[in-house]
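Reader: I would like to go through this model and ask what stands behind each label.
Author: Go ahead; each answer will set a value against a cut-off.

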Amino acid sequence: MDEENAMATETTSQSGHDARSAKTREHLIEAAIEVVGAVGYEGASTRALAKAANANLSAIPYHFGSKKELYLAAAQMIADYARGRFAEVTALLDEPADADPASRFEKALIHLLHIVLDDAEPHSWTSFLGRCTYDNDDAFALIHDQAIAPLLDRLIRSASVISGQKPGEATLRLRISAIVTAIIGFRFLRGIMLRGMDGESIQAGYVRQMEDMVRDLCRSDFLRASQPR
């Protein structure tokens, strides 16, 4: 019995250690998003990262090996989340085949607009993504390849059906990229719109007008433009 108790105590102790270790790792990733979002990767010292996570400096090499790997782990968390949200968009494109492809495409883009405008994620996530997007570094490559590129490719295939252009045609890919960039830009550049509208927040009326703009674009000849000569 004593041996069984000892084994149970050891198991409980190990379980507690694993839980604390996982929590420390989570706090370090959250700290990386916050600190890098505020001062950039180069400005984020390991000391500042550890302090923000309320962890020992040695926790970074212990859990991640280096600051760079911690940075990429933070990007991975955002990529995983974004991929899940963008799957909501692509699911609308995969509705029953008897539905009008143009209507599915329009509905998908409006849903993407709402994901962007909902602002459900911490502000630090937007800052972090803005930083790595501007730097166009390995963290952004990870987020792009795992979350953004699959969304773009699925939208391009859907637009190909609508426009009659091949998915690989540069004009179609460029125009879909421009649409998605414009929609996502409402998150990163909302200050331009708010100041232009003399507002302090995105009101319901603005959202409806933005939905109408997306609809107008989808129903125009934008996707059916001819190839450049």
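Reader: Which residues of α4 and α6 meet?
Author: The model is a predicted one. In it, Tyr71, Ala74, Ala75, Met77, Ile78 and Tyr81 of α4 meet Trp125, Phe128 and Cys132 of α6. By class, this contact has nine nonpolar residues, no polar and no charged ones.

Reader: Why are α4 and α6 called roughly perpendicular?
Author: Helix α6 covers residues 123-135, and α4 packs against α6 at an angle of about 115°, with the axes 11 Å apart. Angles of 65 to 115 degrees count as roughly perpendicular, so α4 and α6 are given that label. The crossing of α4 past α6 is left-handed.

Reader: What makes α6 roughly perpendicular to α7?
Author: The two helices pack at about 105°, and their axes are 7 Å apart. That angle falls in the range of 65 to 115 degrees, so α6 counts as roughly perpendicular to α7. On the α6 side the contact is made by Phe128, Leu129, Cys132 and Thr133, and on the α7 side by Ala139, Phe140 and Ile143. Six of these residues are nonpolar, one is polar and none is charged.

Reader: Why is α7 called oblique to α8?
Author: The axes of α7 (residues 138-163) and α8 (residues 170-188) come within 10 Å and cross at roughly 120°. Perpendicular covers 65 to 115 degrees and antiparallel begins over 145, so an angle between those two ranges makes α7 oblique to α8. The crossing of α7 and α8 is right-handed. From α7 the contact takes Leu152, Asp153, Leu155, Ile156, Ala159, Ser160 and Ser163; from α8 it takes Leu172, Arg173, Ile176, Ser177 and Val180.

Reader: How do the residues in the contact of α7 with α8 divide by class?
Author: Seven are nonpolar, three are polar and two are charged. Asp and Arg count as charged, and the contact includes Asp153 of α7 and Arg173 of α8.

Reader: How do you know that Ala31 counts as buried?
Author: Ala31 has a relative accessibility of 2%. Buried means under 20%, so Ala31 counts as buried. Ala31 lies in helix α1, residues 2-43. Leaving out residues up to four places away in sequence, Ala31 touches Val36, Leu49, Ala52 and Ala53.

Reader: What makes Asp100 partly exposed?
Author: The relative accessible area of Asp100 is 41%. Buried needs under 20% and exposed needs over 50%, so Asp100 is partly exposed. Asp100 sits in the loop between α4 (67-93) and α5 (101-118). Asp100 and Ile162 are 62 residues apart along the chain, and their C-alpha atoms are separated by 9.4 Å.

Reader: How many helices and strands does the chain have?
Author: The chain has 10 helices and zero strands. Buried residues make up 40% of its 229 residues.

Reader: What is the accessible surface of the chain, and what share belongs to carbon and sulfur atoms?
Author: The surface comes to about 13,200 Å², and 53% of that belongs to carbon and sulfur atoms. As for contacts between residues at least 6 apart in sequence, 68% join residues at least 24 apart.

Methods: Residues numbered from 1 in each chain as written. Predicted model: local features only at pLDDT ≥ 70, side-chain atom pairs only at ≥ 80, totals over all residues. Heavy atoms only, no water. Axes fitted to C-alpha atoms, helices over the stretch in contact; angles between N-to-C directions. Helix = DSSP H or I, 4+ residues; strand = E, 2+ residues; numbered from the N terminus. Parallel < 35°, antiparallel > 145°, perpendicular 65-115°, else oblique. Left-handed = near helix turned anticlockwise from the far one by under 90°. Contact = heavy atoms within 4.5 Å. Buried < 20%, exposed > 50% of the residue type's maximum accessible area, 1.4 Å probe, protein only. Areas by Shrake-Rupley, 256 points an atom, 1.4 Å probe, with all protein chains shown as cover.
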